[in-house]
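Student: Please work through this structure with me, one question at a time.

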Amino acid sequence: MPKTSLPVRLALLVAGTTLPLIVFAVGTILRNYEQDRQEAAQHVLETVRSIRLVLDAEVQRMTDGLQVLTLTESLRSGDFEGFRSIASGFLNQYSRDGVILVADRKGRQLFSSVSADTASLPPRNNRDIVERLFVSKRPQYSNLFLGSVKKQLIVTVEVPVVRDGEVVYEISFSPPLALFQTILDKQRPGAEWTLSLLDGSGTVFARIPNPQDTVGKPASPTVLSDMLHKSEAVMPTVSLEGIPLMSGFAHSALTGWIIAAGVTESSLVAPLWRDLAIASVIGAVLLLIGLAFAVRMATTIARGEMLHNLLVEELNHRVKNTLAILQAIAAQTFRSATRMEREKFEGRLGALAEAHNLLSREKWQGAELADVITRVLQPYRLSNPERVRMSGPKLPLSPRLAVVLSMIVHEIATNAAKYGALSNDSGMVSLEWEVMEDNASRKLRMIWTETGGPPVTAPVQRGFGSRLIERSARDQLGGEATVDFLPRGVVYTVTCALEDQ
C-alpha cells in the first residue's frame, strides 16, 4: 500500500481538526437560538404586561375624573345646562372627539355633550351595560359597539350617579379611539412588533399596524379561542395580515379588555440563518487557510519526522485558537435579534481597536487611564466638550486593564447615548476615578454619574451590554460593577484591582 504523502496527511489533519469545531459551533448556535426564543417569549409577555399597566392607569384616570363629575351639584340636581360647562372642561383633556352622555335606567339620554337638543337624541345602544351599572352601582367598561349619535365604533367608561344611596343616572364617556392608538405607538418596541387592544369579546379597537383595516374585526382565529378562555398566554400565531408571530396576551382586571403583542417569527429566525452562515463562512475560510498553510508547510519540511510533528502540532494549535476567537465574537455579538446589533458589534470592535491602537503606540508597555477614557469618549465631546467631564489622578494601566476598561466605558457611554444623559441636548456626564489602598493592594474605583437626561426608569430586562459590563468587571478584572437608577440620573460604579506595572 503506497505511503500517504506529507501534504495529504497535513490536509487531512486540518480537515479533521476544523470540521468537528464547525459542528460544535453550529450546535452552539442552535442552542443559543432556542434560548433566544425563550427570551423572546418572555419579552413578549413582559411587553403585554407593561402595556396593560399603562392602559389601566389611563382608564382609571378617566374613571376617577368621571366620578368627580358625579359629585357636582348641577348633575346631581338635574341642572344639565349648568353641567355642560363642567363636562366641557373634562373633555378638553381628551380632544373634542370624546363624548359625554347622561342617561337614566331606561337608556334615555338626558344630556349629551354633542347636542343640547336631548329630546331628539336616540336612546342608548348598549342597554345591557346600563342595566349592569344600575344593579351593581359600580363603574362599567363596554365592549366595542356602534354609537347611537355619531354612528361610529366606540368603547365607553360608565360611572353611576348616586343620590341618597340609589343610582339616579349613569354618566358615560366614550374616549376617542385615537387615544388608544397613541398608547400603542408609544409602547411599540420596534417595527417588527404587532400590538393590539381588544374588548372582552376579542374585537379589535386599537392596533399597530393597519388600524384602519382591523378595528372592529375579531382577533386572529389562531389566538381568539385562547383569548376568551385564558387570562394570559404566549404562543405561535398568525396575524390578521397572515404573518407568523410569536404572540402573547393578557386580560385587564380593571376593564376586562385584552392586550396583545407579537413579534414576527422572521425576526427570530433571521439571526439563526445569519449565525449559521457566519459559522459556515468562517469555517470554510479557516479550512481553506489551514489547507493552504498545510501545503506550504509541507513543502518546507525536509528535516525528518521530529520537525514534521512539531509543525503539525503548531498548525493544530493555531487553527483551534483562531476558530475559538472568531466563534466567541460571533456567538456573543450576533446572538441578539435586535435592530441595533450591527452598531453594537462595530462599536465593541471599535472600542477594542482604540485600546489596541493606544497600546501599540506605547509598544504594549501599558497606557494612561485618562488617555484610554478620552479615546473612548471623544465622539461624545466633539460638539460640546463640557458635556463629559473627567477627573482623577494620573494612573498607568497594564495592557489587559486598558483593553477591558475601554470596553466597559464604551458600553456605559453607549447606554447613555441611547437612553440616558447623552440622548438629549442638555444632559451631562461626570466620570471620576480614584485609587484606594486596601491593605497591601491597590484598587481603582470609577464613578460614572449622569444628570439632566430623560426620566430614569429601571429596565424590565437586562441587555447584553449590561451583562458585558458586569461580567467583564467580575471575571476579567476581579472587581464588580453596579448601576443605580436614581431619579436624577443613572450612576455606574466600577471597582477593580490594579496590577503592578
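Student: Not counting residues up to four places away in sequence, which residues does Asn424 touch?
Tutor: Asn424 sits in the loop between helix 12 and strand 16 (428-438), helices (H or I, at least four residues) and strands (E, at least two) being DSSP runs numbered from the N terminus. This is a predicted model, in which local features need pLDDT of at least 70 and side-chain atom pairs count only at pLDDT 80 or more, whereas totals for chains, interfaces and linings use all residues. Residues are numbered from 1 along each chain as its sequence is written, and side-chain values use heavy atoms, with hydrogens and water left out. With contact meaning heavy atoms within 4.5 Å, the residues touched by Asn424 are Arg387, Gly452, Gly453 and Pro454.

Student: What distance separates the C-alpha atoms of Asn424 and Gly453?
Tutor: Gly453 is among the residues that Asn424 touches. The two are 29 residues apart along the chain, and their C-alpha atoms are separated by 6.5 Å.

Student: Is Met62 buried or exposed?
Tutor: Met62 belongs to helix 1 (residues 6-69). Buried means under 20% relative accessible area, exposed over 50% and partly exposed in between, with a 1.4 Å probe and protein chains only. Because its relative accessibility is 0%, Met62 counts as buried.

Student: How far apart in space are Met62 and Phe173, C-alpha to C-alpha?
Tutor: Beyond its neighbours within four places in sequence, Met62 is in contact with Phe90, Tyr94, Val157, Phe173, Pro175, Leu179 and Phe180. Met62 and Phe173 are 111 residues apart in sequence, yet their C-alpha to C-alpha distance is 8.3 Å.

Student: Which residues are closest to the centre of the largest cavity?
Tutor: On a 1 Å grid over the protein atoms alone, a cavity is a set of points where a 1.4 Å probe fits but cannot get out, and lining residues have an atom within 4 Å of a point. The structure holds four cavities of 30 Å³ or more, a volume being the space filled by probe spheres set on grid points joined across faces, edges and corners. About 200 Å³ of space lies in the largest. Among the 21 residues lining that cavity, the closest to its centre are Ser196, Val223, Met227, Ser247 and Ala260.

Student: How many charged residues are in the lining of the largest cavity?
Tutor: Elements that each supply at least two residues of this lining include strand 8 (193-198), helix 7 (221-229) and strand 12 (258-264). Ala, Val, Leu, Ile, Met, Phe, Trp, Tyr, Cys and Pro count as nonpolar, Asp, Glu, Lys and Arg as charged, and the others, Gly among them, as polar. The lining has 12 nonpolar and eight polar residues, and the number of charged residues is one.

Student: What is the relative accessibility of Asp164?
Tutor: Asp164 lies in the loop between strand 6 (157-163) and strand 7 (166-174). Its phi is near 55°, a positive value in a residue other than glycine. Asp164 counts as exposed, because its relative accessibility is 76%.

Student: What is omega for the cis peptide bond that joins Ile208 and Pro209?
Tutor: Pro209 lies in the loop between strand 9 and helix 6 (211-214). For the cis bond joining Ile208 to Pro209, omega is about 5°.

Definitions and conventions
On a 1 Å grid over the protein atoms alone, a cavity is a set of points where a 1.4 Å probe fits but cannot get out, and a pocket is an open set with protein on both sides within 12 Å along at least five of seven lines; lining residues have an atom within 4 Å of a point.
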